[in-house]
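Please keep the sequence and the coordinates open while reading.

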Amino acid sequence: MTMTKFGVLVLFCLVSAFTKQNATSTEALMETIEVSNSMSLKGKFENGPFGIVSGNAFISFSNNQKNLVLENLSSSNGPDLHVYLSKEIQPINFIDLGRLKSINGTQVYSIDSNLNIKDFKFALVHCQQFNHLFRSANIQ
Amino acid sequence: MYWNKFYFFLGVIGIFNMGNQLKAQGIKNSNRNEFAFSSTIGENQGSLSLGYNYHWLIGKKQRLELGIGTRLTSVLGSKLNYTTAPANLARTYTAPFLIVFAGQSYENWDTLQVQRPLVFALNTTATIKYHVSKKLSAGFNIDLFGVSLGRSSSAILTSNGITKTESLAKPTAVNLLLTGDLDHGTLNSEAFLDYQFKKGWGIRLVYQFLFSEYRTNNIYQIAPDGTKVYRFRNKANNFGIGINYSF
């Protein structure tokens, strides 16, 4: 193997290892949650600059546990999609609830019980790696 | 800070003047040139470096080599965590050199997760190398000062449980070795073992200690003492291989 080939191989391996993020699962989820109080904080996903997302987002309260529920979600796919609770419609000040579990179905994300939920008016689907906001839902 | 810079420049002058001093003392010395390429990998990151060094061979048997040169290091990563960089916040005390023994002030640290870091650092490098046998040698090199360029990237700053998005984090432009967390910018250092497999050619095993640094533009950490922090550092222990050519 020539030095040039060796260099190209090393470069390729490094670029491959550190640039690729897996797309989100497409499995249709149907997570359920026991709800003891009303689901008053509810909103519908609306247009964002990237991606196509439909469905509802609401906060559920159950036994002092708060959850964000994405109901009947349908989203275009992308790398490194995350779910945020955000103070603004853009992800400026937010809580990261983790990676989007699937681009289809109903899914539940737990929220720190100490969080003052009234400060966070928006649920966002955000491509973290490339800083692309897919959609937002005003949940208050 | 003033004394740090003073000691640093004294050191640089000393290295450049080393060959003349050895000649004046009547010590036999000759020299050689070396090109070295290495590739390392670590947690969520990797690096490539290409360097040129001018070496003085020292001693009757010329087993010791001291060198000065330049090196281009590229750092590539994914979702790499950078923590609060200023030494007065990162460590319990900041005396030059002794800072490496100082405790970590974790309570002051916040984390900037840079999504797609890519830094190119061009630095002046010092090297020391010892020939254990005819074919085997061991050494250490360290970046002294230089400049960095790189890709701007979005980043997530986590501070007091709240996260914020930085849309335009950039590599710190100026690199300067001031020891430990007093350092600025992106600085590479390597401990290595060379095995000469052919006249002039050697393969290299590398343990790398790599600092890289990003700056935020739109958001910042507010430290407990009220300081606004824009600089964040990643420290990595990487392992790799390389190849070098001497003439």
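Two strands are said to pair if DSSP finds at least two bridges between them. Helices (H or I, at least four residues) and strands (E, at least two) are themselves DSSP runs, numbered from the N terminus. The model is a predicted one, in which local features need pLDDT of at least 70 and side-chain atom pairs count only at pLDDT 80 or more, while totals for chains, interfaces and linings use all residues. Residues are numbered from 1 along each chain as its sequence is written, and chains are lettered from A and ligands numbered from 1 in the order in which they are written.

Confidence comes before geometry. For the complex, the predictor gives an ipTM of 0.71 and a pTM of 0.79. The per-residue confidence of the predictor is pLDDT, which runs from 0 to 100. In chain B the mean pLDDT is 87, with 88% of residues reaching 70 or more. Chain A averages 81, and 77% of its residues score at least 70. Within chain A, the lowest confidence falls in helix α1 (residues 3–19), with a mean of 59, and the highest in strand β5 (residues 81–86), at 94. Where pLDDT is low, the predicted coordinates should not be read in detail.

Chain A contains one helix and nine strands. Read from the N terminus, the order of its elements is α-β-β-β-β-β-β-β-β-β. Of its 140 residues, 34% are buried; a residue is buried if 20 or more other C-beta atoms lie within 10 Å of its own, exposed if 12 or fewer, and partly exposed in between, with C-beta atoms placed from the backbone. Contacts are defined by C-beta atoms, placed from the backbone, that lie within 7 Å of each other. Among the contacts in chain A with a separation of 6 or more, 66% are between residues 24 or more positions apart.

One residue of chain A deserves a look at its backbone. N131(A) has a positive phi of about 55°, although it is not a glycine. The residue sits in the loop between β8 (122–127) and β9 (132–138) of chain A. N131(A) counts as partly exposed because it has 19 C-beta neighbours inside 10 Å.

Chain B has three helices and 15 strands. Its 247 residues include 43% that are buried, and residues 24 or more positions apart supply 67% of its contacts with a separation of 6 or more.

The strand pairing in chain B can be followed from strand β4 (residues 80–84), which runs antiparallel to strand β5 (residues 111–114) and is joined to it by four bridges. β4(B) also pairs in the antiparallel sense with strand β15 (residues 231–246), over two bridges. Which residues are the bridge partners of T83(B)? In β5(B) the partner is T111(B), and in β15(B) it is R233(B).

Strand β8 (residues 153–159) of chain B is mostly covered, with five of its seven residues buried. Six bridges then connect β8(B) to strand β9 (residues 162–171) in the antiparallel sense, and A155(B) stands opposite E166(B) in β9(B). β8(B) and β9(B) form a hairpin with two residues between them, and N160(B) in the turn has a positive phi of about 55°.

L57(B) belongs to strand β2 (residues 45–58). Why is L57(B) partly exposed? L57(B) falls in that class because 19 other C-beta atoms lie within 10 Å. L57(B) is 72 residues from K129(B) in sequence, and the C-alpha to C-alpha distance is 9.3 Å.

In the loop between β2 and β3 (64–77) of chain B lies Q62(B). Q62(B) is not a glycine, yet has a positive phi of about 50°. It is partly exposed, because 14 C-beta neighbours lie inside 10 Å.

T73(B) is found in strand β3. Buried or exposed? T73(B) is buried, because 28 other C-beta atoms lie within 10 Å. Leaving out residues up to four places away in sequence, T73(B) touches S47(B), S49(B), A121(B), T186(B) and N188(B). T73(B) and N175(B), 102 residues apart in sequence, are 12 Å apart in space, C-alpha to C-alpha.

Definitions and conventions:
Two residues are in contact if their C-beta atoms, placed from the backbone, lie within 7 Å.
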